Amino acid sequence: MKTKAIKSEEYVVEEEPYYRPVSNEVQVFESAFSNRIPVLLKGPTGCGKTRFMQYMAWRLKRPLVTISCHDDLTASDLVGRYLVRGGETVWVDGPLTKAVKSGGFCYLDEVVEARKDTTVVIHPLADDRRILPVEKRGELLKAPPEFMLAISYNPGYQSVLKDLKQSTRQRFIAIEFTYPAKDLEVEIVMHESGIDRVTAEKLVSIGRKTRNLKDRGLVEGASTRLLIHASHLIRSGIDARRACEVAISEPLTDDHEMLSALTEIAASII
Amino acid sequence: MQSKSRTPYDQLWEGLMKNLTADLFNEDRVEIEGVMQDIASFDPRFRQKTLALCHTLSLSAPSLVPSVVKRLRKTSQALKPREMERWVTRAFDLLESKGMDQFFRFLSTTHDDALEEFRTREGLSLQAVSAILEAYLRGISGITLTVGQAEESYTDTGTVYLPPLLSVFKDRDRNFLLYKMAAAHKWAQIAAGTLTPQVESPHGADGAAVTADRGLEELFAHYDNQELAADLYNLLEAARLESFLHRELPGLMREAQELKQEIFLTRRSLRGLSEQSAFVEGLYQYFLKGRVKGLMPAPLPAALTALDHAAQFTSPAETQGILKDLYEAATKLEGPYQHRSFPYIGAIKPDRVALCISRRKEQRRKQIEEMISKIVDMPDIEVETRKAAPAAQTRVERKPRKDAEYLLVKGKLFELDEETKAVIRQSGLFSDGILLDGSSVKEGSVIFSIGDFLEGADREETGVGIRYDEWDYRRGDYKRDWCTLIEKDIHPSDEPFVDLTLKRYWGYIKILRRKFELLRKDLRILRRQKDGDDIDIDATVEAFSDIKAGISPGENVFTKLDRQERNIAALFLLDMSGSTKGWVNDVEKEALVLMSEALDSLGDRYAIYGFSGIARSNCEYFTIKRFDDRYGERVKKRIAGIGPKDYTRMGPPLRHSARILRSLDARTKLLIVLSDGKPEDRDGYKGDYAIEDTRKALIEAKEQGIKAFCITIDREASAYLPHLFGEVSYTVLDDVRKLPNRITEIYRSLTT
């Protein structure tokens, strides 16, 4: 099959993504959208932040530009830069500028990973001015009402370096994501992987037990995503214990003793 | 330090010789020679340890050394060298911790059964798997359970005790499975309420149910033979817990089924047991396999149905019903009842459970009390920042509720949860506290929840000692959990020490700040690069004009961000021993102020701790500035509050500092120790012993990737320093007044 390249600002979520609301986050997001307030999604990895964004983009019928932040991301990566093309310098919009121009959703994933000077670029866009200064061209872009800025961040990594500045965080409304409740998580695992209820329940039980080990040897417990991975493997015929090992224990830690403990926990349940 | 060239072995040898010859009651040179020869003839694997033991003994009782060596020789015939080493280690530990009596009792019990423990057996030691079991238990339970050692497995609800060695099976995996099952079973006892049953008490007021934590003791109080009752209760509950475990840990229980049958095979027949013992053993065997080896005492068949019945129960209250009948049936049989160990289900120890629960409650109560007084004393600003701390930030603002109760202490409102209410009920109101109900609390008042603050406090481990090993160079081994380190807050002082220092050094501080600011690697844009993330417009324009002019253009037309970030975490560890009294202490404090000013402008992460203490059980570790504390009023007051305390036991604080640094994410981890001389403590921590332990602690830190640097103020610049700190990583100041200037220079050179 040939892969079709789509321009990032034209990426529209066409099919309804599977998303199960945990509480009233959908309404909160919708009113933030209509009031033009940017949104901060926080919570551990793999608990549905990105899926939620996709779902909201589909629901509100807006294009979605996702930018995964990393510590080499510069302001020009976001806003745009001059490139040399055929003997001329040509201005190329960055993804943030594209999202502003097309009135889409711009989602900055794991925003704390970005350098602090990069995050500041979104400040004028994130308050009531809603403008994006494009310094190099001497322009100001005014965001259309449909434009929405969302960032995600995982407060779990308690590092002095990786914290969000107050001046950034106080521009957003914040929705907290946590692991879904037991029954809900079972349903999500079942839906995503098509596995039977009994196995899904066991996997969720393993996941919840690994979360007990957070800060006691594990940085974080198993996310719903990991549980879904495990159930995919089980469905394609991998032995359940082995699946838990490769999809849950091994990704979580390299510590030998912790690995054994995780394997034992999985073996005790499956 | 003329002894440095000799090995510890030689030193011990000479020391022992000297002590033996100096003993007036022993003029028999031949005997001394014999003792020394005996020691020399021992296998090298336990020779030095033996020598160290004799040496220690000879300090207080040299006349006993010959008989001890004789004993050792005798035992060495029964044990292999490796086993012998373990035996001598145990003897040494006993001598040091329990004293002479216990030591000799141990030495004289050399019959085979007693030595069995030291023989290398096929089996699995708890030590080898305790870390895994602990993580396993925490995972499945979600509470903090530790693993401890005891002959029989049981739990006091805080620690799960398991046998030190399992050799029920030959196979390691089987033994491990048994450990796991025993651990899971103990968790089930806690989780399903076996250990905290509700009991109708005739002693309680109005016959009301006794509070759950004393339930277990109360339950057995009715029975004359409490051991028998506890075993019966354990068995009945075990039957009930089976279904709980099947539900929670189906995978484990599937394997357990097989293992239970294998345990059954190792049980002996009921023949030869007293009727009562046979009755209980029969129940246990039936629990394992549904069968009994041998003939059962009369009422057993009925009892077995009781056991089957118990499996259907949902709460310990139901079990209590049959326990009575079963106990009565058992007492009609012939005694005496002798408790035997039951692998997997272990034992129930009501007194230990009660003790543990009451301790936990006491601790909680203290914590809450402390927390309330702390919050009351805190300036409002700090309360706000604490509230904004990650632990509490997700919580919604509290609004006063009509139906809740509130405590008003010095103008601050606390919400009373059940726990706090219980504390108040027990110990009365806190000083100046007033109880309010929700209707009299104004809308919009700021309300504190002690719970929010406690969450953080739990993790800080305040007041709870942390055990550290100590290196004994003579033994060539660690003394396990030998020292207890206690983290303490330093009492802030209102003296304007910091301000005075700032005034005194203001000129120097200005230069210092500038110097350190230069170290800051702010982002720089490198121009004219071969590659990079942006176009260098100037260079591009030049290149184009070159092309137009027909010259070959330059290729360096990119700009690049230079990002060599400083990623340094430095921990300053300050000697607060009594010998620093006077101006050493003042200068140390001044040095800290200058250092803080400099680092503040540089932006490196740093922490300041102090240490002192008396004896191994009381090593104090004072918090002056944690890594995430801001250098502000509070820290300044703490610096002013630094004062000389007691002794200098350097091992534990070094190990603790290493532990703190280990938990940080930084490319360079620095541990800077400020001290004023040799490590020394009251209980024999001095001389070579203290130096070797300190050295070992520094090596441990190095192994963990921490760079240690010691600044010592010592006019004599003694010869031991290079050995103690390592050739390059220390500096000696002969004049303490140089410290403030030097420390900042040292830091600069260390980190650039």
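Reader: What percentage of the residues of chain A count as buried, and what makes a residue count that way?

Author: In this predicted model, 51% of the 270 residues of chain A count as buried. Chain A comes to twelve helices and nine strands. Of its contacts with a separation of 6 or more, 72% join residues 24 or more positions apart.

Reader: Why is Phe118(B) called buried?

Author: Its relative accessible area is 4%, and the word applies under 20%, so Phe118(B) is buried. You will find Phe118(B) in the loop between helix H7 (112-116) and strand E1 (124-125) of chain B.

Reader: Which residues does Phe118(B) touch, leaving aside those up to four places away in sequence?

Author: They are Leu79(B), Glu83(B), Arg86(B), Trp87(B), Arg90(B) and Phe106(B). Take Arg86(B): 32 residues separate it from Phe118(B) in sequence, while their C-alpha atoms are 6.6 Å apart in space.

Reader: Now the two chains. How many residues of each are in contact, and how much area do they bury?

Author: On chain B, 35 residues are in contact with 35 residues of chain A. Between them the chains bury about 2900 Å², with 55% of it on carbon and sulfur atoms. The size of an interface is often given as the accessible area lost when the parts come together.

Reader: What makes Glu248(B) and Lys209(A) a salt bridge?

Author: The closest N and O atoms of Glu248(B) and Lys209(A) are 3.7 Å apart. The rule asks for a side-chain nitrogen of Lys or Arg within 4 Å of a carboxyl oxygen of Asp or Glu, so this pair qualifies as a salt bridge. The rule finds three salt bridges across the interface of chain B and chain A, and also eight residue pairs in polar contact.

Reader: Which element gives the most to the side of chain B that touches chain A?

Author: That is H8(B), with eight residues. Helix H8 (126-141) is one of the elements of chain B that each supply at least two residues there, and others include helix H9 (172-191) and helix H12 (250-266). By residue type, this side of chain B divides into 16 nonpolar, nine polar and ten charged.

Reader: How do you know that E10(B) and E11(B) pair?

Author: Two strands pair if there are at least two bridges between them. Six bridges join strand E10 (residues 466-472) to strand E11 (residues 477-489) of chain B, so E10(B) and E11(B) meet the rule. They run antiparallel, with Ile466(B) standing opposite Leu485(B) in E11(B). E10(B) and E11(B) form a hairpin with four residues between them, and Gly476(B) in the turn has a positive phi of about 65 degrees.

Reader: In which sense does E11(B) run with strand E17 of chain B, parallel or antiparallel?

Author: E11(B) and strand E17 (residues 619-625) run parallel, joined by five bridges. Here Ile486(B) stands opposite Glu620(B) in E17(B).

Reader: What makes E12 and E13 of chain B edge strands?

Author: They belong to an open sheet of three strands in the order E12-E14-E13, with antiparallel pairing. Strand E12 (524-529) and strand E13 (534-535) each pair on one side only. E12(B) and strand E14 (residues 558-562) pair over four bridges in the antiparallel sense, and Gln529(B) stands opposite Phe558(B) in E14(B).

Methods. Residues are numbered from 1 along each chain as its sequence is written. Chains are lettered from A and ligands numbered from 1 in the order in which they are written. This is a predicted model: local features need pLDDT of at least 70, side-chain atom pairs count only at pLDDT 80 or more; totals for chains, interfaces and linings use all residues. Side-chain values use heavy atoms; hydrogens and water are left out. Buried means under 20% relative accessible area, exposed over 50%, partly exposed in between (1.4 Å probe, protein chains only). Contact means heavy atoms within 4.5 Å. Buried area is the accessible area (1.4 Å probe) that two parts lose on being put together, summed over both. A polar contact is a pair of N or O atoms within 3.5 Å; within protein, one must be able to donate a hydrogen and the other to accept it, and residues adjacent in sequence count only if both atoms are side-chain atoms. Ala, Val, Leu, Ile, Met, Phe, Trp, Tyr, Cys and Pro count as nonpolar, Asp, Glu, Lys and Arg as charged, and the others, Gly among them, as polar.
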